[in-house]
Amino acid sequence: MTMEELLQKLQVIQSRLVLSLPQALRPHFDAIDLSPRGLLVLGPRGVGKTTLALSKASGLLYIPADHPLVVPVPLWDLGEAAFAAGYDGVIVDEVHCARKWSQHLKALYDAFPSKKIWATDSSSTALEAGVSDLSRRFIQVRIPLLSFREFIALKFGRIFPPLDPFDPDLSILREVVNSMSLLAAFEEYLRQGLRPFFLEGHYAERLSGLLEKMLFADVPYWTPQVTENHLRLMQAVVGYLATSPIPVLNVESLTREWGVGKAKLYDLIEVMERICLIRVVKRKGMEMKTHLKGAKLFLYDPSTYHALNGNAANVREAFVACALEEAGRKVFASDDKRICDFWVDGVTIEVGGRGKSNKKADIVVRDGLDVPLPGVIPLWLLGMAY
């Protein structure tokens with residue numbers, strides 16, 4: 001196949017994808033600065049990275065790096081041919097699948113100063129692998145999981161400004177509370193609404209397929225010498241976290257049962273965290289430690305608990321960690337569970353149901369509550385931050 005024929009096939013693929021784009025896009029997209037010439041768009045699978053790129057791709061050629069026709073072709077050759085054909089830039093999707101991708105992106109960026117070079121990937125590891133080549137040239141943009149605010153916009157067509165859950169604007173809060181059956185909408189969101197493909201139906205099946213792809217496609221790429229036993233171990237970790245009432249792992253038990261060393265287990269846990277399969281919330285001061293002592297582990301996407309018929313009791317804490325971290329806050333596990341569950345920006349937080357006491361925490365986050373009270377934040381309000 002000639003390069004001209006390959007470019008034509010890629011244009012056909014792009015045209016089909018553009019025609020299938022949803023009419024309503026994530027409100028979060030409006031806050032993203034797409035003016036930089038070099039852009040790395042990162043985020044978990046299924047959050048809309050490709051949709052963002054294609055919706056803003058006027059004059060750019062979309063290159064799916066994991067496509068069988070593209071894999072054998074160097075990115076430099078594709079980019080050079082696209083620019084010669086008159087394209088204003090290229091969008092390389094799932095860029096880690098391309099050989100020597102960071103070198104080729106850097107070369108294209110430097111050799112064609114009037115062209116845009118955008119790339120997307122599902123793992124922050126991709127950025128770290130090429131950061132020495134790209135950090136001074138490419139701006140990083142991260143797409144988070146869908147917020148409750150965005151779910152409301154896509155589901156009901158109502159767009160509200162973001163709210164600071166710790167100090168909400170009362171006029172906007174009043175409008176949100178009175179605009180819908182709020183708690184019912186939030187329950188639906190937690191069950192099947194943290195990724196925009198909820199609009200396409202069959203959410204649990206789609207999410208389960210996504211989890212399988214993370215394990216069997218993403219993990220082997222990032223973990224050298226991964227074995228079938230390692231993959232089964234990671235499946236067991238996901239299953240345990242989905243069903244266990246306590247979000248911790250017994251490292252000693254896992255190493256004995258699966259015949260792996262602690263170093264390998266920690267390596268697998270780190271990879272699962274990097275590909276956004278699980279979320280590890282460590283105690284303050286322990287961020288750089290490899291061990292998990294005192295850490296809380298959750299499934300990265302709280303709706304995964306429902307998709308796997310897991311323990312719904314952990315969804316509350318999983319969502320608190322998710323909503324705050326996705327909004328850009330740093331969350332730490334409590335040193336003393338008798339006092340609180342989390343520590344965020346110097347504030348201690350306890351999480352629970354409608355009648356939950358605050359123990360000794362500064363703030364209690366309660367599920368099943370529609371309005372904030374002194375020292376009490378409704379769980380849903382955390383989902384309005386972005």
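**Salt bridges and positive phi angles**

The side chains of Glu-326 and Arg-142 form a salt bridge, with an N to O distance of 3.4 Å (a salt bridge being a side-chain nitrogen of Lys or Arg within 4 Å of a carboxyl oxygen of Asp or Glu). This pair links distant parts of the chain: Glu-326 belongs to helix H14 (residues 315-326) and Arg-142 to strand S5 (residues 139-142), 184 residues apart. Helices (H or I, at least four residues) and strands (E, at least two) are DSSP runs, numbered from the N terminus. Glu-326 is buried, at a relative accessible area of 10%, whereas Arg-142 is partly exposed, at 36%. Here buried means under 20% relative accessible area, exposed over 50%, and partly exposed in between, with a 1.4 Å probe and protein chains only.

The model is predicted, so that local features need pLDDT of at least 70 and side-chain atom pairs count only at pLDDT 80 or more, while totals for chains, interfaces and linings use all residues. Residues are numbered from 1 along each chain as its sequence is written, and side-chain values use heavy atoms, with hydrogens and water left out.

A salt bridge also joins Arg-279 to Glu-325, whose closest N and O atoms are 2.8 Å apart. Because Arg-279 lies in strand S6 (residues 278-281) and Glu-325 in helix H14, this pair ties together parts that are 46 residues apart in sequence. Arg-279 is buried, with a relative accessible area of 3%, and Glu-325 is partly exposed at 22%.

A further salt bridge connects the side chains of Asp-336 and Arg-338 (3.0 Å, N to O). Asp-336 is partly exposed, at 22% relative accessible area; Arg-338 is exposed, at 64%. Salt bridges with shared partners unite Arg-142, Arg-279, Glu-325 and Glu-326 in one network. In total, the structure holds 23 salt bridges.

Most residues other than glycine have a negative phi. Glu-94, which is not a glycine, has a positive phi of about 50°. Glu-94 is located in the loop between strand S3 (89-93) and helix H4 (101-111), and is buried, with a relative accessible area of 8%.

Asp-345, likewise a residue other than glycine, has a positive phi near 50°. Its loop runs between strand S9 (342-344) and strand S10 (347-352). Asp-345 is partly exposed, with a relative accessible area of 47%, whereas Glu-94 is buried.
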